[in-house]
Structures are given as C-alpha cells and as structure tokens.
Amino acid sequence: MNIRIAGTVNDSIVDGNGFRFTIFTQGCPHHCKGCHNPQTHSMDGGTLISEEELLDKIKDNPLLDGVTFSGGEPFCQAAALASLGKKIHALGGLDIVTYTGYTFEELTAGFKENPDWKALLEETDILIDGRFDENLKSYDIKFRGSTNQRYLDAKESLRQNMPVNACLPE
C-alpha cells in the first residue's frame with residue numbers, strides 16, 4: 001500500500017517522547033489558521049511512498065523509540081497508516097504517536113462511516129487530538145501547539161470509550 005507524504009524526519013525529538021521517525025502525511029481538510037505545516041494541506045501534493053520503503057527506513061535506525069504519524073491529517077490515509085502501524089508494532093519496542101485535527105469523540109463517532117479510523121486508532125499508542133487553535137497557541141506545553149489539544153492514551157480511551165489522558169513524560 002502506498003502513502004502520500006509531505007516528508008519524513010529521521011530523528012525528531014519534538015513529535016513525541018524519545019527519538020522518533022516522523023512521517024508527515026500529505027492532505028488535510030482542517031486548514032487550521034496558523035498551521036505550521038500548511039504545505040501539507042493539498043490532497044494531491046507530496047510524494048507517494050510504499051509502506052515497505054517507510055518500514056525499511058524505520059528499521060535502519062536502531063536508536064528510535066517510536067514513530068509519529070503527523071500531517072497533514074493522518075486519518076485521511078487511515079487504512080494505509082493502520083497497516084503500517086501494525087507492521088511497526090510487530091517489530092517490537094516502538095510506540096506510535098498520531099497527531100490529528102479531529103477530536104477523539106469525532107473519530108469514534110465516525111467509525112461506522114470510516115472503519116479505517118478505528119483501525120488506525122487501534123494501532124495508535126498516544127493520540128494528540130484537536131485542531132490547532134492559534135488563539136490558544138503555547139510554547140509551554142509538550143508535544144502540542146495549542147492548549148486545547150489533548151495528549152491521550154489511545155488504547156485506554158478506546159477501552160473506556162472516552163478520552164483518557166496519558167501521562168506526559170518529564
């Protein structure tokens with residue numbers, strides 16, 4: 001399966017805890033004012049890359065703590081990222097952080113129409129949800145751009161069918 005990406009970062013320390021391989025997906029319906037990745041908004045921009053090629057890049061870095069799906073909007077390519085996420089988890093030892101402009105509640109309400117959203121959420125360990133709000137922008141919060149965005153334990157949130165905050169690393 002191919003994924004349309006805007007780019008990748010091999011050793012990010014700002015897109016989740018630890019050293020991360022970050023995949024910036026291409027395409028976003030939210031168009032948040034003040035977005036720091038506006039070049040990712042176009043649905044037909046970026047580059048197509050295979051899951052296998054991305055997985056090889058991830059395997060090539062033994063220092064990684066995890067992989068981050070950012071954007072753009074990862075849930076626009078939920079099936080491909082869920083498949084990739086499953087393969088990443090099969091490697092062992094890597095967690096997955098997914099950034100989304102949707103809230104957890106919007107995602108779960110959309111499962112019937114978008115079953116791939118559930119598949120991607122099931123492969124996500126930490127979900128950072130909510131649209132970037134320029135009026136709530138803050139440099140004092142970890143891994144988020146605005147204070148309305150939440151740092152959620154995706155698996156526990158799914159179990160409880162409600163947003164469950166994850167502990168932010170020190």
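**Figure 1. His31 sits in the loop between β2 and β3.** The model shown here and in the other views is predicted. His31 is not a glycine, yet its phi is positive, at about 50 degrees. Is His31 buried or exposed, or in between? His31 counts as partly exposed, with 48% relative accessibility.

Figure 2. Where is Phe143 found? Phe143 belongs to the loop between β6 and β7, the latter spanning 150-153. Phe143 is buried, because its relative accessible area is 14% and the cut-off for buried is under 20%.

**Figure 3. A cis peptide bond joins Gly71 and Gly72.** Omega of this bond is about 5 degrees. Gly72 lies in the loop between β4 and α2. Two further residues of interest, Gln77 and Phe75, are placed in the loop between β4 and α2 as well.

**Figure 4. Gln77 is a buried residue of the loop between β4 and α2.** Its relative accessible area is 14%. Which residues does Gln77 touch, leaving aside those up to four places away in sequence? They are Ile3, Arg4, Thr25 and Gln26.

**Figure 5. Phe75, Tyr102 and Trp117 are linked into a cluster by ring pairs.** How many aromatic pairs are counted in the model? The count comes to 3. One of them is Phe75 with Trp117, an edge-to-face pair. Phe75 and Trp117 are both buried.

Tyr102 and Trp117 form another pair, and this one is tilted. The centres are 4.9 Å apart, with 40 degrees between the planes. Tyr102 lies in the loop between β5 (95-99) and α3 (104-109) and Trp117 lies in helix α4, so the pair ties together parts 15 residues apart in sequence. Tyr102 is buried, as is Trp117.

**Figure 6. Helix α4 has four buried residues: Trp117, Leu120, Leu121 and Glu123.** Why do they sit on the same side of α4? They cover an arc of only 160 degrees around the axis, so they share one side of the helix. What covers these buried residues? The cover includes β4, α2, β5 and α3. It also includes β6 (126-129) and α5 (154-160).

**Figure 7. Helix α1, residues 51-59, buries Glu51, Leu54, Leu55 and Ile58.** Seen down the axis of α1, these residues fall within an arc of 100 degrees, so they line one face of the helix.

**Figure 8. Val9 lies in strand β1.** Val9 is partly exposed, with a relative accessible area of 33%. Not counting residues up to four places away in sequence, Val9 touches Arg20, Phe21, Thr22 and Phe24. How far is Val9 from Leu91? They are 82 residues apart in sequence, and 19 Å apart in space from C-alpha to C-alpha.

**Figure 9. The largest pocket holds about 730 Å³ of space.** How many residues line the largest pocket? The lining has 33 residues. Nearest the centre of the pocket lie His36, Tyr99, Arg144, Gly145 and Gln149. How does the lining divide by residue type? It has 12 nonpolar, 15 polar and 6 charged residues.

Methods:
Residues numbered from 1 in each chain as written. Predicted model: local features only at pLDDT ≥ 70, side-chain atom pairs only at ≥ 80, totals over all residues. Heavy atoms only, no water. Phe/Tyr/Trp six-rings, centres within 6.5 Å; stacked < 30°, edge-to-face > 60°. Helix = DSSP H or I, 4+ residues; strand = E, 2+ residues; numbered from the N terminus. Buried < 20%, exposed > 50% of the residue type's maximum accessible area, 1.4 Å probe, protein only. Contact = heavy atoms within 4.5 Å. 1 Å grid on protein atoms, 1.4 Å probe; cavity = no way out; pocket = protein on both sides within 12 Å on 5 of 7 lines; lining within 4 Å. Points joined across faces, edges and corners; volume = space filled by probe spheres on them. Nonpolar A, V, L, I, M, F, W, Y, C, P; charged D, E, K, R; others polar. Arc of directions from axis to C-beta.
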